[in-house]
Structure formats: structure tokens, C-alpha cells
Amino acid sequence: MKKNTKLNNKIKIPRLGLGVYKIDEEHMKPAVKAAEKAGYRAFDTAYFYHNEKELGAALKSGKVPREKLFITTKLWNDYQGYDSTKEYFEKSLKNLGTDYLDMFLIHWPCEEDGLFIETYKVMEELYKEGRVKAIGVCNFQQHHLEKLMENTEIVPAVNQVEFHPYLNQQDLQDFCDKHDIKVTAWMPLMRGRGLFEDPVIAKLAKKYEKTPAQIILNWHLMHNRIVIPKSQTPSRIAENFESLSFELRKKDVKKIDALNKDLRQGKHPDEVRIGTLK
């Protein structure tokens, strides 16, 4: 299975990256070291995670040169708007210790606040200036994407959304595929909450002689999604990366597809407004 894919602007992005949500200063450096050793080159953070500085320092202390890394961060809801977007882009760059981003994303649409189009237009400016290689969004439903694309120039490269076997948003996936927007799955393993014990997952793990996590991550990859599983445990970091080493048969992919329960772990995007998440 290929380790990289191309975004709609032809930029290469690793298909599997390390999510660093809630990884603190004590655990960041060993997690990044383990990830780089395993083969990770993509790292996904956000201003809201309050660990951009820690990730930046860990990456600088590593052996992988900046040009071979793919660093993604996200603009938090409270900082949407023209001036704030510019200000917090600069803060994220400073925190990460880099002079450009590989990808910059809007964290949530917060549609009722009416700022995501204005915010995205700033991101288009940053993209045209060469300060970010790709721009995109997180947690956008189809109606958010349609409104965004009607009022801006650049089709988002990525839509990062909650996605796992119990929340199989196939209609959203189909829409993104149609418009050449890569889907990135956050919480791709549903944080294990009973999913690893699902009889279908357990049976496939035994069949392929893989772990449940590897089976689930490979399922995502077989759907051409990008995945960013979070872990700070070196053995699990390496284990997750090995999900690139095999391919599920189509009939087994369909078995996992059938597990969908529309079971959302996080907030529904239509419910999130500026100031509602802390």
C-alpha cells in the first residue's frame, strides 16, 4: 500500500500521520521520536490542543529534516475572522518553530457565527503567498462545503471529520470524493470504545493475523481516507503504522462498512458555535 497520496493541488501528503491531541510536554518528545523511527512524516496538531510548541520542539530535536515533514495545524473557533485568522496563523508558526505550514485548517465551521467564509478567504491569501502549502477544513458537513465553495476560489484540499466503523458518513465521503476533497478521519479508532471487541473486527484480526487497530486503520486506507490515530505509546505508534503493510479484501471492507450505527462520539458540527467548546 502506498504511503503517500496527492491532494487536489498535487501536493503529496502521507496517508497515515500521528495525531497529537492531549499529548503533553512529558510525552511529546518520546512519541515523536517513536513515530519518526516507525516511518511517520505527518504530524497533526491544533492551536486548541495547546501543544504546538511541544510538537515543534520535538520535531526540531528529531533527525527528519523539515522539508520531509508534513505539519498540519488548525485555527480555533474563537479566532475566526479576518484579523484574528492572520494573528493566530502567525502564533501557530511561532509555536511550531517553522516559517511555513504544510496544511492549515478551520477547526469547526461554526456556521451560525457567520465567519468561516471570511476566515477561509484569509487562508486563500496565505496559500497564494506560499506560506502554507495546502488549506482545508475540519468537521464540515456537505451544506457547509457547498456554501464555502460557492463563496471562495480554492476547493479545500482536506475535510477532517470524525470517521470510524460506527460512524460511516458515506454520503459525505461521496460528496468529498466527487469534488476531489480528501477525507481525513479523526478518532479513526473511536478511542477503542468497544470497537476492538466487535465480533466482525475481532474475527478479521484473527483472519489477517493483525491487531484490531490495524484492521480498522487499513479499512480507512482502503477507502482512500487519510488517518491520524493518536497515541503516545511507542509500541502502539509503531503498530498503527504497520496498517500500511497489507490490504483487506473487498468483501472484508464491506463487512466493516456494514457496522455503521451513525454513532457519533464528538459534537455534531451543526451544534458547535464559537465559545461552545473549551
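1. Helices (H or I, at least four residues) and strands (E, at least two) are DSSP runs, numbered from the N terminus. On that numbering, Asp180 sits in the loop between α6 (170-178) and β9 (182-186). The model is a predicted one. Asp180 is not a glycine, yet its phi is positive, at about 60°. With a relative accessible area of 41%, Asp180 is partly exposed, since that term covers values between 20% and 50%.

2. Asn139 also calls for a look at the backbone: it has a positive phi of about 60° and is not a glycine. Its place is the loop that runs between β7 (135-138) and α5 (142-151). Is Asn139 buried or exposed? Asn139 has a relative accessible area of 4%, and buried means under 20%, so Asn139 counts as buried.

3. Asn139 turns up again in the lining of the second largest cavity. That cavity holds about 40 Å³ of space. Along with Asn139, its lining is made of Trp108, Gln141, Val161, Glu162, Gln169, Trp186, Arg264, Lys267 and Pro269. By class, this lining has 4 nonpolar, 3 polar and 3 charged residues.

4. How many cavities of 30 Å³ or more does a search of the whole structure find? The search finds 2. The largest cavity has about 90 Å³ of space and is lined by 13 residues. Nearest its centre lie Ile13, Ala42, Asp44, Thr72 and Ile228. Two or more lining residues come from each of β2, β4 (42-44) and β5 (70-75), and β4 gives the most, with 3 residues. The lining of the largest cavity divides into 8 nonpolar, 4 polar and 1 charged.

5. The largest pocket contains about 950 Å³ of space. It is lined by 40 residues, and those closest to its centre are Tyr21, Trp186, Met187, Arg191 and Lys230. Trp186 is also one of the residues lining the second largest cavity. Which elements give two or more residues to the lining of the largest pocket? They are α8 (212-222) and α9 (234-241). The most comes from α9, with 3 residues. By class, the lining of the largest pocket has 18 nonpolar, 12 polar and 10 charged residues.

6. The second largest pocket has about 340 Å³ of space. Of the 19 residues in its lining, Asn4, Lys12, Pro14, Arg41 and Lys68 are the closest to the centre. Strand β2 (residues 12-14) supplies the largest share of this lining, 3 residues. β2 also gives two or more residues to the lining of the largest cavity. The classes in the lining of the second largest pocket are 9 nonpolar, 2 polar and 8 charged.

7. Helix α7 (residues 199-208) packs with α8 at an angle of about 95°, and their axes are 8 Å apart. Angles of 65 to 115 degrees count as roughly perpendicular, so α7 and α8 are roughly perpendicular to each other. On the α7 side the contact is made by Ile201, Leu204, Ala205 and Tyr208, and on the α8 side by Pro212, Ile215 and Ile216. By class, this contact has 7 nonpolar residues, with no polar and no charged ones.

Conventions: Residues are numbered from 1 along each chain as its sequence is written. This is a predicted model: local features need pLDDT of at least 70, side-chain atom pairs count only at pLDDT 80 or more; totals for chains, interfaces and linings use all residues. Side-chain values use heavy atoms; hydrogens and water are left out. On a 1 Å grid over the protein atoms alone, a cavity is a set of points where a 1.4 Å probe fits but cannot get out, and a pocket is an open set with protein on both sides within 12 Å along at least five of seven lines; lining residues have an atom within 4 Å of a point. Grid points are joined across faces, edges and corners, and a volume is the space filled by probe spheres set on the points. Ala, Val, Leu, Ile, Met, Phe, Trp, Tyr, Cys and Pro count as nonpolar, Asp, Glu, Lys and Arg as charged, and the others, Gly among them, as polar. Axes are lines fitted to C-alpha atoms, for helices over the stretch in contact, and angles run from 0 to 180 degrees between N-to-C directions. Angles under 35 degrees count as roughly parallel, over 145 as roughly antiparallel, 65 to 115 as roughly perpendicular and the rest as oblique. Contact means heavy atoms within 4.5 Å. Buried means under 20% relative accessible area, exposed over 50%, partly exposed in between (1.4 Å probe, protein chains only).
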